[in-house]
Amino acid sequence: MNSSENILDSFELIKSIDKSGMLSVVEKFPTQCKEAAKIGDSIKISWDCSSLRSVIVLGMGGSGIGGDILKTVLADELNLPVFVNKTYQLPAFVNNESLVFAVSYSGNTEETLSGFDEARARKARIVAVTSGGELKEKAEKLNYPIVKIPAGFQPRAVLGYLFFPVIIALAKIGLIKDKSDDIHQTIELLDELSKNYSSSNPLDKNKAKQLAVDLFNQIPVIYGSDGLTDVSALRWKCQFNENSKIPAFNHIFPELNHNEIVGWERLKELNEKFSLIFLRDESDHSRLIKRMDVTKELLADSVGNIYEVWTKGKSKLTKIFSSIYLGDFISVYLALLYKVDPTPVERITLLKNRLSET
Ligand code: PA5
């Protein structure tokens, strides 16, 4: 074992780099999801939803990804469109027949607050999901339902708190069928995966640590399938950016077959620094499975390496969370290999501070 790999099996070394304890937060994610489900169960909303025509989730970055998951999970089930709004303005269709979840962990994200104000002006029904800040204040003043979640974490580390109450709320108001079984199975699987990927499981038995070692000094490019693992690919990319502090990119099958595969033809030396990760699922469309197999063959000599990761579980929800969870662990282990504290996101803080000056 070389010295950098050694880091991942040393409790002392991990503690000295992961000063703010991101790894432990990731390890406890299943417990967070259980608590989040309880928060969801305690929500009291008794609206008549028969007039609703759209569901909108407002949220940026770590607070927006829950909306992306929701949209993906509900695509085959909900008869209304789910739209994830990641900017200041809302699309024209948002009106008094829209249900809007305004999700901001800090409660102070200006794009989300701007969307909230527009949604209010258009008389949409609004639920705020936040730990506090201006969003909580505004929602309280206007008597909108608030899903209050615990403060003191990084937004990307509280995906459970930000996501599960929203999907449970949708079931409660009767827009979708009860999701308890899927949620229960997801949490059970996460519990099992947490043991497999956690720091106490050594490198030779730990897939998350092994992939982190493989990806060290590489730029990850994550490919998912449209309508399922595309959302996990986005989460992997963002977690590599924020936890590991490295560039990472994502794209989607089959669209990437119509452009990106050509882009790997030249710049051979540079391309050696990129590793592709295909997030795969057994129930992907048969043509997608074929496309991924052929793409893997075609690109084998064009990039540093190609890895495949298969989802686990039965429901879409479980599959998505199984692949997200592996990526979360890998991104933290990679941070440790780079000897960087995964928690702080200085540039985001700096940028927000600069923007608040004007
Ligand atoms: O991970 C992060 O810190 C960011 O992506 C934030 O989630 C994003 O800036 C939005 O902030 P908030 O989650 O507080 O609304």
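Let's start with an open sheet of 4 strands, ordered β7-β6-β8-β9 and paired in parallel. Strands here are DSSP runs (E, at least two residues), helices are runs of H or I with at least four residues, and both are numbered from the N terminus; two strands pair if DSSP finds at least two bridges between them. What you're looking at is a predicted model, where local features need pLDDT of at least 70 and side-chain atom pairs count only at pLDDT 80 or more, while totals for chains, interfaces and linings use all residues. Residues are numbered from 1 along each chain as its sequence is written, and side-chain values use heavy atoms, with hydrogens and water left out.

At the edges of the sheet sit β7 (249-253) and β9 (305-310), each pairing on one side only. From one strand to the next, the twist averages 25°. Zoom in on β6 (residues 219-225) and you'll see 5 bridges linking β6 to β7 in the parallel sense, with Val221 standing opposite Phe249 of β7.

Now look at what covers those strands. Helix α14 (residues 286-299) lies across β6, β7, β8 (274-280) and β9, and runs at about 165° to β8. Such angles run from 0 to 180 degrees between N-to-C directions, with axes as lines fitted to C-alpha atoms, for helices over the stretch in contact; contact means heavy atoms within 4.5 Å.

Helices also pack on each other. The axes of α8 (residues 159-172) and α15 (residues 316-337) come within 14 Å and cross at roughly 170°. That makes the two helices roughly antiparallel, a label for angles over 145 degrees. Leu159, Phe163 and Phe164 of α8 meet Leu317, Phe321 and Ile324 of α15.

The largest pocket has a volume of about 760 Å³. On a 1 Å grid over the protein atoms alone, a pocket is an open set of points with protein on both sides within 12 Å along at least five of seven lines, a cavity is a set where a 1.4 Å probe fits but cannot get out, and lining residues have an atom within 4 Å of a point. Of the 25 residues lining this pocket, Met60, Thr109, Pro155, Ile348 and Lys352 lie nearest its centre. Helix α16 gives the largest share of that lining, 7 residues.

As for cavities, the whole structure holds 3 of 30 Å³ or more. The largest cavity has about 70 Å³ of space, and its 13 lining residues include Val26, Arg156, Ala157, Arg235 and Asp328, which lie nearest its centre.

Definitions and conventions
Grid points are joined across faces, edges and corners, and a volume is the space filled by probe spheres set on the points. Angles under 35 degrees count as roughly parallel, over 145 as roughly antiparallel, 65 to 115 as roughly perpendicular and the rest as oblique.
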